[in-house]
Amino acid sequence: KFVLIGINVIFLIFGIVLIAVGASSLNSQSSIISGESIPAGVLVMGIFTTLVALLGGIAAYKESRTCLAIYFAVLLLITIILLGVAIAVYAKKDDAGYIITYGWQRVSNLDKVEAQNLFNCCGLSSYNDTDAGVPCPVSTQLDPSLQHGCLQLIVDDFNGALLAAGGCGIAFSVIM
């Protein structure tokens, strides 16, 4: 009984970690351009895991066989889904340049300006690759060392957020 309650406390902590990583990845600077929904999936799984951990803790405390059976079935489902999300995250890693380029083409000029200001860069592929109505940040105009495109900076941020989300998903799947 107490071992299962302790395990559910650990799952509760992992659920909170998944919520934090998903929220962080969702609010990543590259999400302005990429529009990816995988971090949202990690966030939802974190919320769901937290709720299931609470259900499992209550079921263990009350020693209800029916609730424990439901708990273990849902836990198996979470493990499978989380492993799938983690695999999807690592599969998307190689497509980051394409995803960012596609996102850059479809976002508004206001979002492009915001991304350029956040990453302190100008244009997508190179400094001279700017769209009409998308001014470069003043800092890039004054400092020649900052005169580079945004693509690699955004891809690096995007991959960092995805790898954090995927790493949490795989770690949690293995531990479960």
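User: Is Cys 67 buried, partly exposed or exposed?

Analyst: The model is predicted, and its accessibilities are computed from the atoms. Buried means under 20% relative accessible area and exposed means over 50%, with partly exposed in between. Cys 67 has 31% relative accessibility, so Cys 67 counts as partly exposed.

User: How many helices and how many strands does the protein have?

Analyst: Read along the sequence, the pattern is α-α-α-α-α-α-α-α. The secondary structure therefore comes to eight helices and zero strands.

User: What share of the residues of the protein counts as buried?

Analyst: The cut-off for buried is under 20% relative accessible area. The protein has 176 residues, and the share of them that counts as buried is 41%.

User: What is the handedness of the disulfide of Cys 121 and Cys 150?

Analyst: The torsion about the S-S bond of Cys 121 and Cys 150 is about 105 degrees. Because of that torsion, the disulfide is right-handed.

User: Are Cys 121 and Cys 150 buried or exposed?

Analyst: Cys 121 has a relative accessible area of 0%. Cys 150 also has a relative accessible area of 0%. The cut-off for buried is under 20%, so Cys 121 and Cys 150 are buried.

User: Why does the pair of Tyr 98 and Tyr 102 count as stacked?

Analyst: The structure holds two aromatic pairs. In the pair of Tyr 98 and Tyr 102, the ring centres are 6.3 Å apart, and the cut-off for a pair is 6.5 Å. Planes under 30 degrees apart count as stacked. The planes of Tyr 98 and Tyr 102 are at 20 degrees, so the pair is stacked.

User: About how many helical turns separate Tyr 98 and Tyr 102?

Analyst: Tyr 98 and Tyr 102 belong to helix α5 (residues 96–106). Because they are four residues apart there, the separation is about one helical turn.

User: Which exposed residues does the face of α5 turned away from its buried side carry?

Analyst: In α5, the buried residues are Ala 96, Ile 99, Ile 100, Gly 103 and Trp 104. They cover an arc of only 130 degrees around the axis, so they are on the same side of α5. Tyr 98 has 60% relative accessibility and counts as exposed. The face turned away from the buried side carries the exposed residues Tyr 98 and Gln 105.

User: What distance does helix α4 reach from its first C-alpha to its last?

Analyst: Helix α4 (residues 65–92) has 28 residues. At 1.5 Å a residue, the expected span is 40 Å. The distance from the first C-alpha to the last is close to that, at 41 Å.

User: With which residues is Thr 50 in contact, leaving aside its neighbours within four places in sequence?

Analyst: Thr 50 has its place in helix α3 (residues 38–62). With a relative accessible area of 13%, Thr 50 is buried. Contact means heavy atoms within 4.5 Å. Leaving aside those neighbours, the contacts of Thr 50 are Leu 12, Gly 15, Ile 16 and Ile 19.

User: What is the phi of Glu 63?

Analyst: Glu 63 lies in the loop between α3 and α4, and is exposed with a relative accessible area of 53%. Most residues other than glycine have a negative phi. Glu 63 is not a glycine, yet its phi is positive, near 55 degrees.

User: How far apart in space are Lys 62 and Lys 1?

Analyst: Lys 62 has its place in helix α3, and is exposed with a relative accessible area of 63%. Lys 62 and Lys 1 are 61 residues apart in sequence. In space, C-alpha to C-alpha, they are 9.0 Å apart.

Key: Residues numbered from 1 in each chain as written. Predicted model: local features only at pLDDT ≥ 70, side-chain atom pairs only at ≥ 80, totals over all residues. Heavy atoms only, no water. Phe/Tyr/Trp six-rings, centres within 6.5 Å; stacked < 30°, edge-to-face > 60°. Helix = DSSP H or I, 4+ residues; strand = E, 2+ residues; numbered from the N terminus. Buried < 20%, exposed > 50% of the residue type's maximum accessible area, 1.4 Å probe, protein only. Expected span 1.5 Å × (residues − 1). Disulfide = S-S within 2.5 Å. Arc of directions from axis to C-beta.
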